[in-house]
Amino acid sequence: MRSELYLKYAVLNALILVFSFLTAQEAAAQNRSGKYINPFGVMSVTAGAGVAYYMGDLSDGVNMKHLGLGPSISVGGLYRLTEHVSARGELRFYKVSADQKYSKNAQNNLSFKTFNPDINLGIQAELFSFNSQPRVNPYLFGGLGFTLLNPKAKIDGEWVNLAPLTTEGVKYKRLPLVFTAGIGVSIKTTERLSLGLELCNNFVNSDYLDDVSTVYPNPDQLPSDLARRLSDRSPEIGLDPRQPGWNRGSAKNKDSYLFLQVRGTYSIGNRMQAKERRKTRCPKF
């Protein structure tokens, strides 16, 4: 009991120290030019690279040996609205996978991989103001977008698109909404370049990111032998076929994918800043 209490105090003290440090950075870092810059309209380009992690019907917890991680990349931009808030837009690509042979539902023998694009628009809110120009600036963000579902499974040595086969007897939407929420921190490295780390979760308004959601269908209602084989893969490992109506997945929770990325942000500025830079580069005599 005491050890838990000490741990709570240690975490609280660490958070207080981090907040104090960041606050000191805010107070110490004043605008280098000493002039107020209207933040509205300041533009930046962004890019990120990292890993993507899938959470859905084919995973039943974190398996450190078989995380199914894939790459994630993003390109986008920020358009500043206020001292603390920017509009944010990104085009992102991610790859995730999972295999039930590493889960407690190994008897179903289902697996998938997918490489998908998504597009996201939202808001980013920074802790410290634009004109204070802090070296370290934590932020929160949220957004709304779409992703293209493209699950595949390997059979007979070939990767097959699952969505057209309707393996559960359901023709699902291939372009569902995605709700994004996350946290990040940026560190100013030069006057215009910042580097940072960002973590976000992307909640898909669909349970078919992995092509698995509800129950086994009546195989006679599926369109082809290939669809029947990919719908129920238990016979491949020597088990009896699943009965129609047995759980293939669970529709209670929709799928999601998580990004952890290293990111760069390069400030283009606004018209006023561009004019000031031209004056600096080309002084008049």
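Tutor: Let's start inside the protein: the largest cavity holds about 50 Å³ of space. A cavity is a set of points on a 1 Å grid over the protein atoms alone where a 1.4 Å probe fits but cannot get out, whereas a pocket is an open set with protein on both sides within 12 Å along at least five of seven lines. Points are joined across faces, edges and corners, and the volume is the space filled by probe spheres set on them. By this rule there is one cavity of 30 Å³ or more. Please keep in mind that this is a predicted model, where local features need pLDDT of at least 70 and side-chain atom pairs pLDDT 80 or more, while totals for chains, interfaces and linings use all residues. Residues are numbered from 1 along each chain as its sequence is written, and side-chain values use heavy atoms, without hydrogens and water.

Student: Which residues line the largest cavity?

Tutor: Lining residues have an atom within 4 Å of a point. Here they are Leu110, Ser111, Ala153, Leu162, Asp210, Asp211, Val212, Leu230 and Arg248. Five of these lining residues are nonpolar (Ala, Val, Leu, Ile, Met, Phe, Trp, Tyr, Cys or Pro), three are charged (Asp, Glu, Lys or Arg) and one is polar (the others, Gly among them).

Student: Asp211 is in that list. Where in the chain is Asp211 found, and is it buried or exposed?

Tutor: Buried means under 20% relative accessible area, exposed over 50%, and partly exposed in between, with a 1.4 Å probe and protein chains only. Asp211 counts as buried because its relative accessibility is 2%. Its place is the loop between strand 9 (193-204) and helix 2 (225-231). Asp211 also has a positive phi of about 70°, although it is not a glycine. Thr166 is another non-glycine with a positive phi, of about 45°. Thr166 sits in the loop between strand 7 (158-161) and strand 8, and it is buried because its relative accessible area is 17%.

Student: How much space lies in the second largest pocket?

Tutor: About 290 Å³. It is lined by 20 residues, and His66, Ser97, Ala98, Asp99 and Tyr102 are the closest to its centre. The lining has nine nonpolar, eight polar and three charged residues. Strand 1 (43-55), strand 3 (85-99) and strand 4 (111-126) each give it at least two residues.

Student: How many helices and strands does the chain have?

Tutor: Helices (H or I, at least four residues) and strands (E, at least two) are DSSP runs numbered from the N terminus. This chain has three helices and ten strands, in the order α-β-β-β-β-β-β-β-β-β-α-β-α.

Student: In which sense do strand 4 and strand 5 pair?

Tutor: Two strands pair if DSSP finds at least two bridges between them. Strand 4 and strand 5 (residues 136-147) are antiparallel, with nine bridges; Ala125 has Leu140 of strand 5 as its bridge partner. Strand 5 also pairs with strand 8 (residues 177-188), again antiparallel, over eleven bridges, and Phe141 is bridged to Gly182 of strand 8.

Student: Which residues is Asn270 in contact with, beyond its neighbours within four places in sequence?

Tutor: Contact means heavy atoms within 4.5 Å. Leaving those neighbours aside, Asn270 touches Asn38, Phe40, Gly41 and Val42. Asn270 and Asn38 are 232 residues apart in sequence, yet their C-alpha atoms are 9.1 Å apart. Asn270 lies in the loop between strand 10 (256-269) and helix 3 (271-281). Across the chain, 76% of the contacts with a separation of 6 or more join residues 24 or more positions apart.
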